[in-house]
Amino acid sequence: MFITIEGPIGVGKSSLTKLVSKEFNMFELYEIVQENPFLEKFYTNQQKYAFQTEMFFLTNRFTQLINLKKDYLDKDIDVVSDYNIYKNMIFARNSLSKYELDIFNDIYTSMTNNLVTNELTIFITASLNTLKYRIASRARSFEDDISDSYLEYLIDAYNTYINEKLIQTPQNIIILDGDKLDFVNNTSDQNYVLYLIKNKIENLEQNE
């Protein structure tokens, strides 16, 4: 079983990944963020550093997923990840120029054509205020310059993507309302979320 958890910046992906990993005894895969040498510069000068930032993320995630298949999934070790590689296109469409996006899209398509795919995606949604609160709470200095408009774009882009996936593969999706559910601090919310995930995993395994 390969599960990915997705949503905008600060929505709680890594926290839920840790919770799911512990509950279902899965290997945890986390995207590299702070190690991206262009990210801090990107938030202060998006136009200049967008392509380098997005290419670093794409190549790093591609390498992670290649190794993940070989070292874990091919050995029947279940995995939960705090990202889906499709997020590269969500972010790139906002940050790259048309010329850059055409190049990036060609590279993305080539790299992901035969890449391992997940069986279940858990989407976490949240409002702008919730995202800003959680981003401020984790106090990453390079995120201080993230604009409200950038977060609003991500909220809208993820909502569009979720609706598309709901039409295509509703059986492979769970949607969690991050404004209402606090699966980090609230035990009741934790139990509810884990119950939803457990049921979904069992249904998917029965229909294999």
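Buried residues are those under 20% relative accessible area, with exposed over 50% and partly exposed in between (1.4 Å probe, protein chains only). Helices are DSSP runs of H or I with at least four residues, strands are E runs of at least two, and both are numbered from the N terminus. The model is predicted, so local features need pLDDT of at least 70 and side-chain atom pairs count only at pLDDT 80 or more, while totals for chains, interfaces and linings use all residues. Residues are numbered from 1 along each chain as its sequence is written, and side-chain values use heavy atoms, without hydrogens and water.

Helix α4 is mostly covered, with seven of its nine residues buried. These are K87, N88, M89, I90, F91, A92 and S95. They pack against β1 (2-6), α1 (13-24), α2 (39-44), α3 (46-71), α5 (98-112) and α7. Contact means heavy atoms within 4.5 Å.

The axes of α4 (residues 87-95) and α7 (residues 148-168) come within 10 Å and cross at roughly 135 degrees. That makes α4 oblique to α7. On the α4 side, K87, I90, F91, R93 and N94 take part; they meet Y150, Y153, L154, A157, Y158 and Y161 of α7. By class, this contact has eight nonpolar, one polar and two charged residues.

The largest nonpolar core has 67 residues. Such a core is a set of buried Ala, Val, Leu, Ile, Met, Phe, Trp, Tyr and Cys residues joined through side-chain atoms within 4.5 Å. Helix α7 gives the most to this core, with eight residues. I3, I9, L16, L65 and I122 have the most contacts inside the core.

Conventions. Axes are lines fitted to C-alpha atoms, for helices over the stretch in contact, and angles run from 0 to 180 degrees between N-to-C directions. Angles under 35 degrees count as roughly parallel, over 145 as roughly antiparallel, 65 to 115 as roughly perpendicular and the rest as oblique. Ala, Val, Leu, Ile, Met, Phe, Trp, Tyr, Cys and Pro count as nonpolar, Asp, Glu, Lys and Arg as charged, and the others, Gly among them, as polar.
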